[in-house]
Amino acid sequence: MARLPQDKDRIDRATRESQTIIDLERQAREAKTARLREQRLSAEALASAKATPKRKPIGRKTTGKTSDVR
């Protein structure tokens with residue numbers, strides 16, 4: 001069975017182009033991750049600055065008494 005000739009230049013060109021696209025996508029993804037991380041950290045800092053101590057809800061007090069049913 002005869003092998004078909006390979007166009008080495010075409011393969012190299014396609015490899016370079018695909019690597020370029022992969023690198024651009026990686027840079028965009030890392031930039032987005034960094035931006036979202038900064039937003040999350042600033043939101044956490046803002047939330048901790050506004051944090052108020054938690055209080056118990058005011059509710060009905062229960063007594064330890066049981067009713068005598070006769």
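By about how many helical turns are R40 and E44 separated in helix α1? The two residues lie four positions apart in helix α1, and they are therefore separated by about one helical turn.

The structure is a predicted model, in which local features need pLDDT of at least 70 and side-chain atom pairs count only at pLDDT 80 or more, while totals for chains, interfaces and linings use all residues. Residues are numbered from 1 along each chain as its sequence is written, and side-chain values use heavy atoms, with hydrogens and water left out.

The chain contains one helix and zero strands, these being DSSP runs numbered from the N terminus (helices, H or I, at least four residues; strands, E, at least two). Of its 70 residues, 0% count as buried, where buried denotes under 20% relative accessible area, exposed over 50%, and partly exposed the range in between (1.4 Å probe, protein chains only). The chain exposes about 7900 Å², of which carbon and sulfur atoms supply 54%; accessible areas come from the Shrake-Rupley method with a 1.4 Å probe, and for residues only the protein chains shown count as cover.

Side chains of opposite charge can pair when their charged atoms come close. Two salt bridges were found in a search of the whole structure, the criterion being a side-chain nitrogen of Lys or Arg within 4 Å of a carboxyl oxygen of Asp or Glu. In one of them, R40 meets E44 at 3.6 Å, N to O; R40 is partly exposed at 44% relative accessible area, as is E44 at 43%. R26 bridges to D23, with the closest N and O atoms 3.0 Å apart, and these residues are three apart in helix α1 (residues 8–49), about one helical turn. R26 is partly exposed at 36%, and D23 is likewise partly exposed at 29%.
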